[in-house]
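User: I would like to learn how to read helix packing and contacts in a structure. Please take me through one case.

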Amino acid sequence: MAHELVEAMANMKEKEALQIVDDMLARGEDPNMILDLSSQAMQVVGERYQEGTYFLPELIMSGEMVKRIGEVLKPLLAAKTDQTKKLGIVVLGTVRGDIHDIGKDIVGFMLEVNGFEVHDIGIDQPEANFVQAVKDHQPQVLALSGFLSVAFDSMKSTIAEVEAAGLRTNLKVIIGGGQMDDTVRKYTGADAYGDDAMAAVAFAKEAVGVA
Amino acid sequence: MAPKAWADMTPAERRAWRIDKWRNPDIEWASPEAEEEYKARVDRILAAINLEKPDRVPVRLNMGFWPAKSGGLTAYEAMSDAPRAVKAWKDFNLKFQPDASVDPLHNTVPGAMFEALGYKLYSWPGHGVSKEASYQYVEREWMVPEDYDELIADPANFMLRTYLPRTVEGFAGFADFPPLLDFIELPFVFGSVGVWGSDEMAAGLQRLAEAARVLNEWGKVVFPAMGELMALGFPPYAGSGTKAPFDILGDTLRGTKGVIVDMFRYPEKVLAACESLVQTALDWPLKRGAVSPTIPLVFIPLHKGADGFMSDEQFHTFYWPTLRKLLLGLIDEGMIPFLFAEGRYNTRLEAIMDLPKASTVWLFDQSDMARAKETIGTIACIQGNMPLSLLHAGTAEQVAEHTRKLIDIAGKDGGFILDIGAVADEGKDENLEVMIKTAKEYGVY
């Protein structure tokens, strides 16, 4: 039986979840434990999304709940860096010319709940910023997002520049969003394309050898 | 004029009246052949809409900035150089000979007009995105949760006094717009006059006038060009547009994240807002005066109800009921809703069948066309869905093969219009040519 906070959050009961947090804090329970329970709830949400019982709304709503609980806990938590061992590192962003972010954000969310360290560099990012982010974070996976056809060429040139900078050797590249399919994958030189956030997770796991 | 009072006409009579105006426009044709071609094209499209077999599969092209790029213009140039832009669009139609005109209207409206308005809802080429990229929506919570009651009570009032002042700089002064009833009694009128002289209002009105000036200059070039396309034999496809009430709320008022959170926090407000927006969404295409009341197809892009964006239960609760009301309202007025189901609609194909037969057209993006044919395709014309990726990065043979496959599956026994699944901003002209040629040869019934 999961903790009542995990249950409430996983079932989208925001008010109930916030009340439970208040009650736990009033009882003097450890804020870090509350944070852990939130993460557990996110895991459940991620699993239900993967199973096809939850969709975009539940991902966004659970993200909102975590944010609100985080705001309550923040003053109570000592500056504590996340010590959890990560499965691997992913650099993520929407390519030049495209300002869409929803698909990218879902991919980031699902990668994080599945244990990856995600560096989201944002939308409409020029090639050079991806190259720099790969240099800085040394990821195993580069995930490029784009909704419009303008993204086809931006993805192609981004991958080419990453390669030209000598950074492709130990790096797997996945593209996703809107019109991405195998034709575009070949065109851009990516290793894979993803139809949904689960594809990105499966790909990243394979890239770090935990699939 | 309609043959008898509009209110006394049945929906079928209204539709017939609109179709007649669309098929037989009062224009000067470029040639007798052009007139013949125009009518043959309308008949071809109508047969498909009526779930009959036309002479061949009609070809319509879901175009964004492609004609500009094909003619050597960037998206920025298309939105700043109307004479060159309309030439590019005309050349495109003459070269590809689609069954419905690819008109320049929606991709050439000058960026300068949006600059003058101080329009914040989108980025456009050279303003927020590069000169090569197409215009894109700027996702924000332009409406806050506290606004729901005002929106629900009166959407038009909310738009004028709250939403537009936030989203269009030219409307900033309207935030203080006084109660209109001041004007019905002489001793009260003074209370409504002063606002027109406020600095904000005066500056805003100047911006609006400048926007109108830019638009009128553009219109002098673009409207005749649209008429010329008709005269050359290319029928316009959709004459107006509207949106699903939930999308109005979710796309440009609350934003994706906003509307989603509201479904959990204030579901009754979301439902009431969607109900309240039905009439607004109906009025949008219907109250256009003389612009284009006759072309029966009404374009409706669908967003937040796609696969993955919500569960079936959420679709049936929040999305479909008010969209269906809107569709029935349009059908009642003799319009033919033309819905563009962006993304995938595989889990909605049965739900959307709850509509009168041969009354709607469904353009699918990445949905499974075999399933679409077996479901919604039994009561409505389906359209689509050549992948944009193939036109952009595929080979000519792949395109031909996919076209044949679509015609075999979705085109079986009529009720199908070939189109591109997504709005096409660029791609290989030679691939597009192959798609159209294949449809015209292989698509003969």
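Predicted model: local features only at pLDDT ≥ 70, side-chain atom pairs only at ≥ 80, totals over all residues.

User: Into which domains is chain A divided?

Analyst: Domain bounds come from an automatic or database domain assignment. Chain A has domain 1 (4-76) and domain 2 (88-207). Their C-alpha centres are 28 Å apart.

User: How many residues of domain 1 of chain A are in contact with domain 2 of chain A?

Analyst: Two residues are in contact if their C-beta atoms, placed from the backbone, lie within 7 Å. Seven residues of domain 1 of chain A contact six residues of domain 2 of chain A. On the domain 1 side, H3(A) gives the most, with four residues. Helices (H or I, at least four residues) are DSSP runs, numbered from the N terminus.

User: How are two packed helices described?

Analyst: The angle between their axes and the distance between the axes describe them. Axes are lines fitted to C-alpha atoms, for helices over the stretch in contact, and angles run from 0 to 180 degrees between N-to-C directions. Helix H5 (residues 102-113) and helix H9 (residues 197-207) of chain A pack at about 45°, with axes 9 Å apart. That makes H5(A) oblique to H9(A); angles under 35 degrees count as roughly parallel, over 145 as roughly antiparallel, 65 to 115 as roughly perpendicular and the rest as oblique.

User: Which classes of residue make up the contact of H5(A) with H9(A)?

Analyst: The contact has nine nonpolar, no polar and no charged residues. Ala, Val, Leu, Ile, Met, Phe, Trp, Tyr, Cys and Pro count as nonpolar, Asp, Glu, Lys and Arg as charged, and the others, Gly among them, as polar.

User: At what angle do H4(A) and H13(B) pack?

Analyst: The angle is about 85°, with the axes 9 Å apart, and the two helices are therefore roughly perpendicular to each other. Residues making this contact include A:Ile60 of H4(A) and B:Phe264 of H13(B). By class, the contact has eight nonpolar, no polar and two charged residues.

User: How many residues does each chain give to the contact between chains A and B?

Analyst: Chain B gives 31 residues and chain A gives 23 residues. H13(B) supplies the largest share of the chain B side, seven residues.

Note on methods. Residues numbered from 1 in each chain as written. Chains lettered and ligands numbered in written order.
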